[in-house]
Amino acid sequence: MKKIILMILLVAAGATSFAMQKKIKKAKNPNEIISVTMHRTVCFGRCPEYKIDMNKDGNTVYSALRFNSDTGIYKKNIGTKKAQAVINQFMAYRVDTCSERYENRIPDLPGIIFTIKYANRTQKIANANFGPAFLVKLAEEMDAAGKKRGRGWKRTGTPKFP
C-alpha cells in the first residue's frame, strides 16, 4: 500500500513540475521586438528631419518635423504583414548586439537614430549610419514601408519641438 501511495505522489509531483515548465515556456520572449522608431536628423543644410514609428501590429506614425514638403504628424496602418517583415529583419540582423552609439566621422551628414522597444527593455542606437552596413539597409527598409507616400495617411497633428 505504501508503494502505491508513493507512486501516486511521485506521478502527481512530476505532472505538476511538467505543467509549470509549460507555463514558463509560454512567457514572453524578452528579445521580441514590439516597435521600432527611426529618426532621421537634419544636416547643416536643409535635409529633411522626420520620424517613423512602426508597431508590430502595423500601426505606423510618420512625423515630418522640418524641411519636409508636408510637415505634420500622419498615421496609417500599413498592415501587420509589412510591419512584421521589417521587424523580422531587425531581429535577423541581431540589432540587440549593436552599440548604443557609433562615432560620427562626418558632422554634416544627417543622422539615423533607432529606438527599439522589446518586451522588457528599450534599446537606442545613435549615429547608426556609421555602424554596421545593415543598419543603413534597415533604415532604407523603414523608409520604404513607413514614409508617407500615397493614400491612406491621416493627418493627426503638428509636431512639437522640445
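Is tyrosine 93 buried, partly exposed or exposed, and what is its relative accessible area? Tyrosine 93 is partly exposed, with a relative accessible area of 31%. Buried here means under 20% relative accessible area, exposed means over 50%, and partly exposed lies in between (1.4 Å probe, protein chains only).

This is a predicted model: local features need pLDDT of at least 70, side-chain atom pairs count only at pLDDT 80 or more, and totals for chains, interfaces and linings use all residues. Residues are numbered from 1 along each chain as its sequence is written, and side-chain values use heavy atoms, with hydrogens and water left out. Helices (H or I, at least four residues) and strands (E, at least two) are DSSP runs, numbered from the N terminus.

**Helix 2**

- Helix 2 covers residues 80–92, 13 residues in total.
- From first C-alpha to last, helix 2 reaches 18 Å, close to the 18 Å expected at 1.5 Å a residue. The expected span is 1.5 Å times one less than the number of residues.
- Ala83, Val86, Ile87 and Phe90 are buried in helix 2. They cover an arc of only 95° around the axis, which puts them on the same side of helix 2. The arc is that of the directions from the helix axis to the C-beta atoms.
- Lys81 and Ala92 are exposed, and sit on the face of helix 2 turned away from its buried side.
- The buried residues of helix 2 pack against strand 1, strand 2, strand 5 (112–118) and helix 3 (133–146).
- Arginine 94 follows helix 2 and has a positive phi, near 55°.

**Nonpolar core**

- A nonpolar core is a set of buried Ala, Val, Leu, Ile, Met, Phe, Trp, Tyr and Cys residues joined through side-chain atoms within 4.5 Å.
- The largest nonpolar core has 31 residues. Those with the most contacts inside it are Phe90, Val95, Phe114, Ile116, Ile125, Leu135 and Met142.
- Strand 1, strand 2, strand 3 (59–66), helix 2, strand 5 and helix 3 each supply at least two residues of this core.
- Helix 3 gives the largest share of this core, 6 residues.
- In soluble globular proteins, nonpolar side chains tend to be buried together.
- Valine 95 touches Phe90, Ile116, Tyr118, Gln123, Ile125, Phe134, Leu135 and Leu138, not counting residues up to four places away in sequence. Contact means heavy atoms within 4.5 Å.

**Aromatic pairs**

- Rings of Phe, Tyr and Trp (its six-membered ring) pair if their centres lie within 6.5 Å; planes under 30 degrees apart count as stacked, over 60 as edge-to-face and the rest as tilted.
- By this rule the count comes to 4 aromatic pairs.
- Tyrosine 50 and tyrosine 62 form a tilted pair, 5.5 Å centre to centre with 40° between the planes. This pair links distant parts of the chain: tyrosine 50 is in strand 2 and tyrosine 62 in strand 3, 12 residues apart. Both tyrosines are buried.
- The rings of tyrosine 93 and phenylalanine 134 have centres 4.9 Å apart and planes at 0°, so this pair is stacked. Tyrosine 93 lies in the loop between helix 2 and strand 5 and phenylalanine 134 in helix 3, so the pair ties together parts that are 41 residues apart in sequence.
- Tyr50, Tyr62 and Trp153 are linked into a cluster by ring pairs.

**Threonine 41**

- Threonine 41 sits in the loop between strand 1 (33–40) and strand 2 (49–55).
- Threonine 41 counts as buried, at 19% relative accessibility.
- A polar atom of the threonine 41 side chain lies 2.6 Å from the backbone nitrogen of glycine 111.
- Not counting residues up to four places away in sequence, threonine 41 touches Pro48, Glu49, Pro110, Gly111 and Ile113.

**Lysine 51**

- Lysine 51 is in strand 2 and counts as partly exposed at 32% relative accessibility.
- Lysine 51 and aspartate 143 are 92 residues apart in sequence and 9.6 Å apart in space, C-alpha to C-alpha.

**Positive phi in loops**

- Phenylalanine 67 has a positive phi of about 60° although it is not a glycine. Phenylalanine 67 lies in the loop between strand 3 and strand 4 (72–77), and is partly exposed at 34% relative accessible area.
- Asparagine 127 also is not a glycine, and has a positive phi of about 55°. Asparagine 127 lies in the loop between strand 6 (122–125) and helix 3, and is buried at 13% relative accessible area.

Definitions and conventions
A polar contact is a pair of N or O atoms within 3.5 Å; within protein, one must be able to donate a hydrogen and the other to accept it, and residues adjacent in sequence count only if both atoms are side-chain atoms.
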